[in-house]
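I opened this notebook to record what I looked up in one structure, entry by entry.

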Amino acid sequence: MSASRDGRIRYKVESEKGVLVGNFERRGWLKCSDDEWNVYWANVWTVKMIFSPEGGMRLQDSQVINHFPNHHELTRKDCMVKNVKRYRKDNEKNQAIYSAAGETVADFIPLTYSLPSDYALFVEEYKKNNSLWIVKPANRAQGKGIFIVTKLGQITKWAKQKWLQGENGVAKEQYIISKYIEDPLLIGGKKFDLRLYVLVTSYRPLRAYLHQEGFARFCTVPYNTDVADLDNLFVHLTNVAVQKQGEEYNDKHGGKWNVNNLRLYLESILGREKSDQLFHTIKFVITHSLKACQSVITNDRHCFELYGYDLLVDSYLRPWLIEVNASPSLSYTTPMDRMLKGNVISDTLDILFPPHNPDATYKDQRTAPISELSLGGFQVLVDETVDAPVNPRAQRR
């Protein structure tokens, strides 16, 4: 399959997001509704059907789609935890998986159990240390279905309603329960987390890029762990979908702060060395979370993935990997938000379809020399197509 007769790339989308379609149109690409597309920005369910045996569709050399077939190995919370634990166990004698402090990526994920399968293990751990825990659906987003647990009885009562079994005896919905990070780093007395964008164009060999245009998402209400406020989502959940419903939400800045401004702020109050170490550790965590799933992801050459990484920083400047999103929101709440996300999409498309490529259609760029690619705001995070690994310390965001 080639481009349209006039040489233009044909695109197909399932979400008419402005930053997405706007980028396609500025490139002069042609929208289509049939299967004669070159690039398809699809939802995860469509991708699942395309690659299923029942789908019966075979992608052509000139077609590329925005999800790997089993992306859930990283983007489902329970699968991510499972793969990270396996990665540590299988490579415990391999020094390459350890940081300078002797830690692995598993040490940067809050202690987590799958429910209902690990319920007994959770209870055993809970009795050792009566701390706060947070329950999340394994396969939902935007803060839906999340709540904080202070007493074991809460889980017991909740489980009777939620763990209804289907016909095959398996619970209809899977959950995870993680130890709650009770001492987050606060700015202005408020909790925040980080959303960072990571582009993966190949898993074997692994090639991934980290974009400089991430942002911090802030809660609108000052942080505290008072029992009376544990069910106040505006205190504890940074999700914009949650915060924009609150009375304190500011639609001028959208409760967001560019990650580069955050870094400058941290340098001003804590020093450059500590700030640099935090972001170096974040790169370590992201890199090894990808490597933890490298052997199980179906590395189809027609696929790429733009992940939204969510990390929380605690008061000791330790980053915690909370989750990885397969479809990070492309909606925007402010002009700056629109510009940021537009830049991320533009730079993603430039790597997939290099502007200087004489062939208008998609060309497999997974092993092309980095020097031949237009990276824009992306920097190489890991590139296994070269002999020498990229040193994260040598690249400052």
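Entry 1, strand pairing. I began with strand β5 (residues 112–115) and found that four bridges join β5 to β8, the two strands running antiparallel; I take helices (H or I, at least four residues) and strands (E, at least two) as DSSP runs, numbered from the N terminus, and I count two strands as paired if DSSP finds at least two bridges between them. Within this pair, S114 stands opposite I176 of β8, and the bridge partner of Y113 in β8 is I177. I then looked at strand β6 (residues 133–137), which five bridges join to β8, again in antiparallel fashion, with S178 of β8 as the bridge partner of I134.

I note for all entries that the model is predicted, that local features need pLDDT of at least 70 and side-chain atom pairs count only at pLDDT 80 or more, while totals for chains, interfaces and linings use all residues. Residues are numbered from 1 along each chain as its sequence is written, and side-chain values use heavy atoms, with hydrogens and water left out.

Entry 2, the sheet. What is the order of the strands in the open sheet of four strands? I read the order as β5-β8-β6-β7, with antiparallel pairing. The edge strands are β5 and β7 (147–149), each of which pairs on one side only. Neighbouring strands of this sheet are turned by 30° against each other on average, direction ignored; for such angles, axes are lines fitted to C-alpha atoms, for helices over the stretch in contact, and the angles run from 0 to 180 degrees between N-to-C directions. I also checked the cover of strand β8 (residues 175–179) and found that four of its five residues are buried, where buried means under 20% relative accessible area, exposed over 50% and partly exposed in between (1.4 Å probe, protein chains only).

Helix α4 (residues 77–90) lies across β5, β6 and β8 and runs at about 130° to β5. Helix α5 (residues 119–128) also lies across β5, β6 and β8, running at about 140° to β5.

I located H71 in the loop between β4 (64–65) and α3 (72–75). Why does H71 count as buried? Because its relative accessible area is 10%. Leaving aside neighbours within four places in sequence, H71 is in contact (heavy atoms within 4.5 Å) with V44, I297, E305 and A326.

The peptide bond from L115 to P116 is cis, with omega near 10°, and P116 is found in the loop between β5 and α5. I also noted a cis peptide bond from R204 to P205, with omega near 0°; P205 lies in the loop between β10 (190–203) and β11 (206–211). L317, a residue other than glycine, has a positive phi near 60° and sits in the loop between β14 (305–313) and β15 (319–325). L317 counts as buried because its relative accessibility is 15%.

The protein has 11 helices and 16 strands, and 54% of its 397 residues count as buried. Of the contacts with a separation of 6 or more, 68% are accounted for by residues 24 or more positions apart.
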